[in-house]
Amino acid sequence: MTPAHFAFSTTFILGLMGLTFHRNHLLSALLCLEGMMLSLYVALSLWTLQLNSINLSPTPMLMLAFSACEASAGLALLVATSRTHGTDRLQALNILQC
């Protein structure tokens, strides 16, 4: 495994571990998801550069666009939950309540 592959695998795994172990606040969960998406974007960009393929070149930009949409939806969800519940703690959110 090359050092670049090790670095991208490590950043993705650290984001995944942060998402699974530190689920106290919605903001920390969203930041872990964003870190995972950015590591995937960089890995996908370098993979298309290594393959020298023109067909795969729009794929990282498409993934970056989806990541931006995911971040904006997460921020809107964070604002909505902090306005309705007064906090962004995930334990305070109850799915059964309207």
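Colleague: Is Asn-52 buried or exposed in this model?
Modeller: Happy to look at that one. Bear in mind that the model is predicted. Asn-52 sits in the loop between helix H2 (26–51) and helix H3 (58–85). Its relative accessible area is 67%, and exposed means over 50%, so Asn-52 is exposed.

Colleague: What is the phi of Asn-52?
Modeller: Most residues other than glycine have a negative phi. Asn-52 is not a glycine, yet its phi is positive, at about 55 degrees.

Colleague: Where does Leu-14 lie, and is it buried or exposed?
Modeller: Leu-14 belongs to helix H1 (residues 3–21). Together with Ile-13, Leu-16, Met-17 and Phe-21, Leu-14 forms a nonpolar patch on the surface, with about 490 Å² of accessible area together. Because its relative accessibility is 54%, Leu-14 counts as exposed.

Colleague: Which residues does UniProt place in the feature "transmembrane region", and how far apart are the end C-alpha atoms of residues 61–80?
Modeller: The unreviewed UniProt entry places that feature at residues 6–22, 29–49 and 61–80. In the model, residues 6–22 are 94% helix and 0% strand, with end C-alpha atoms 23 Å apart. Residues 61–80 are 100% helix and 0% strand, and their end C-alpha atoms lie apart by 29 Å.

Colleague: What separates the C-alpha atoms of Ser-9 and Ala-43?
Modeller: Ser-9 is found in helix H1 and is partly exposed, with a relative accessible area of 34%. Along the chain, Ser-9 and Ala-43 are 34 residues apart, while the separation of their C-alpha atoms is 8.8 Å.

How values were computed:
Residues are numbered from 1 along each chain as its sequence is written. This is a predicted model: local features need pLDDT of at least 70, side-chain atom pairs count only at pLDDT 80 or more; totals for chains, interfaces and linings use all residues. Side-chain values use heavy atoms; hydrogens and water are left out. Helices (H or I, at least four residues) and strands (E, at least two) are DSSP runs, numbered from the N terminus. Buried means under 20% relative accessible area, exposed over 50%, partly exposed in between (1.4 Å probe, protein chains only). Patches are made of residues with over 30% relative accessible area and no salt bridge: like charges are joined within 9 Å, nonpolar side chains (Val, Leu, Ile, Met, Phe, Trp, Tyr) within 5 Å. Accessible areas come from the Shrake-Rupley method with a 1.4 Å probe; for residues, only the protein chains shown count as cover. A salt bridge is a side-chain nitrogen of Lys or Arg within 4 Å of a carboxyl oxygen of Asp or Glu. UniProt positions are given in the numbering used here, feature names are shortened, and annotations may be inferred rather than shown by experiment.
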